[in-house]
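Hi,

Here is the structure I promised to pass on. Please open it first; my notes follow below.

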Amino acid sequence: MDFIGVPVSEDTTNTKNKVKKTMKRQKPFQEPVDNGSVEESESAGSSFPPTFSLSTIKNKQRRHLMFMKLKQEKRKQKLELRKKRKKERDALGDKAPPKDVPKTIENQRVYDETTVDPEDEEVAFDEGTDEFSAYFNKLTNPKVLITTSDRPRGRTVRFCEQLATVIPNAHVYYRRGLALKRIIPQCVSRNFTYLMVINEDRKVPNGMVLCHLPDGPTAHFKVSSVRLRKEMKRRGKDPTEHHPEVILNNFSTRLGHSIGRMFAALFPHDPHFVGRQVATFHNQRDFIFFRFHRYIFKNEKRVGIQELGPRFTLKLRSLQKGTFDSKFGEYEWVHKVRIKTYLGLTGLRTVEFKAE
């Protein structure tokens, strides 16, 4: 019986090679093992080896899981240390050492030499002879004119209207192209004690000029983080016509003393406690935060507050003697910016900004 040899074609060999390649590609996925370090850490429970590093884990999901476990372990250690210290303090009683004060921006700040004592005789003399002495001696009542820049947008107009509901005896008028030097004499003749100008940029309020009449001073503020009433969550009902109480926090320097007196002179002398409304000017890191609240006494120990709005932040740019005069005015304080420059290859370049 003869056997006939059938030659194998090249096509069959190519198909076999293709099948082998596809079989190699379809191998089941195996997670990379990090030399047993991850398995050891998982078997050890919540404790990790001292040389443990998350950067050695290549799998993103496994790395995130181990990061969360490491974070939880640190939180547990911190809680146990806190409980241990508390037990030690309770055991020592009165002999326990004082608690550690956490480091913050405020307590690590360099002491300001211009901080004044309210009982200082020189400060008392200045308060009795400055431009606000007539208000604090109850010789005048505040009357505020609120205006805007030329052609204000809707957001600035609503902001001015809401400011008029916060400040009693405030009136909103529109500029209509009049210069401030022409507005000031008219305000003085009509017995206004303040002129407040709200400036805007790109349809957003960004500046405030506060001029005390008739003799000044004039302060220019940068306005930021403006939130109107409709933009606030869980706000209360609209404020009533009662005179609010005024709270001034951290106006302790010589400059802050004069700015605080300027804000206080915006509001009438005798607040209406029946309305339970409070206007707060809080100075922190040279930013002045304004908030307007209504409070209620729930019982002898608990007090509930409800924000009414609007809210905004002020940053003092300059304080000028007298009324507004951009050309020939004398400034008591100006926020200066130092600019360091050097001559580069293409000319003069600015490299660093430092504010005083």
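How many bridges join β1 to strand β2, and do the two run parallel or antiparallel? There are 3 bridges, and the strands run parallel. Keep in mind that this is a predicted model.

**Around β1**

Leucine 145 sits opposite histidine 171 of β2. Together with helix α6 (residues 154-166), β1 and β2 form a β-α-β unit, and this unit is right-handed. β1 also pairs with strand β3 (residues 194-201), again in parallel, through 5 bridges. There, threonine 147 faces valine 197.

Is β1 buried or exposed? Of its 5 residues (144-148), 5 are buried, so the rest of the structure largely encloses the strand. In a regular strand, side chains alternate between the two faces of the sheet. In β1, Val144, Ile146 and Thr148 point one way. Leu145 and Thr147 point the other way.

The largest pocket has a volume of about 1,200 Å³. It is lined by 38 residues, and Asp112, Thr253, Arg254, Leu255 and Gly256 are the closest to its centre. Elements giving two or more residues to this lining are α4, α8, β7, β10 and β11. α8 provides the largest share, with 7 residues. By type, the lining splits into 13 nonpolar, 11 polar and 14 charged residues.

The second largest pocket holds about 450 Å³ of space. Its lining has 13 residues. Nearest the centre are Arg82, Arg85, Lys86, Arg89 and Lys99. The lining divides into 9 charged residues, 4 nonpolar and no polar.

**Salt bridges**

The whole structure has 9 salt bridges. One of them pairs arginine 261 with glutamate 127, at 3.9 Å from N to O. Arginine 261 is in helix α8 and glutamate 127 in helix α4, so this pair ties together parts 134 residues apart in sequence. Arginine 261 is buried, at 11% relative accessible area. Glutamate 127 is partly exposed, at 25%.

Arginine 261 also forms a salt bridge with aspartate 130, with the closest N and O atoms 2.9 Å apart. Aspartate 130 lies in the loop between α4 and α5, 131 residues from its partner.

Aspartate 325 and lysine 181 make another salt bridge, at 3.3 Å between the closest N and O atoms. Aspartate 325 is in the loop between β10 and β11, while lysine 181 is in helix α7, 144 residues away. Aspartate 325 is buried, with 19% relative accessible area. Lysine 181 is partly exposed, with 46%.

Shared partners join Glu127, Asp130 and Arg261 into one salt-bridge network.

Best wishes

How values were computed:
Residues are numbered from 1 along each chain as its sequence is written. This is a predicted model: local features need pLDDT of at least 70, side-chain atom pairs count only at pLDDT 80 or more; totals for chains, interfaces and linings use all residues. Side-chain values use heavy atoms; hydrogens and water are left out. On a 1 Å grid over the protein atoms alone, a cavity is a set of points where a 1.4 Å probe fits but cannot get out, and a pocket is an open set with protein on both sides within 12 Å along at least five of seven lines; lining residues have an atom within 4 Å of a point. Grid points are joined across faces, edges and corners, and a volume is the space filled by probe spheres set on the points. Helices (H or I, at least four residues) and strands (E, at least two) are DSSP runs, numbered from the N terminus. Ala, Val, Leu, Ile, Met, Phe, Trp, Tyr, Cys and Pro count as nonpolar, Asp, Glu, Lys and Arg as charged, and the others, Gly among them, as polar. Buried means under 20% relative accessible area, exposed over 50%, partly exposed in between (1.4 Å probe, protein chains only). Two strands pair if DSSP finds at least two bridges between them. A crossover is right-handed if, with the strands pointing away from the viewer, the path from the first strand over the helix to the second runs clockwise. A salt bridge is a side-chain nitrogen of Lys or Arg within 4 Å of a carboxyl oxygen of Asp or Glu.
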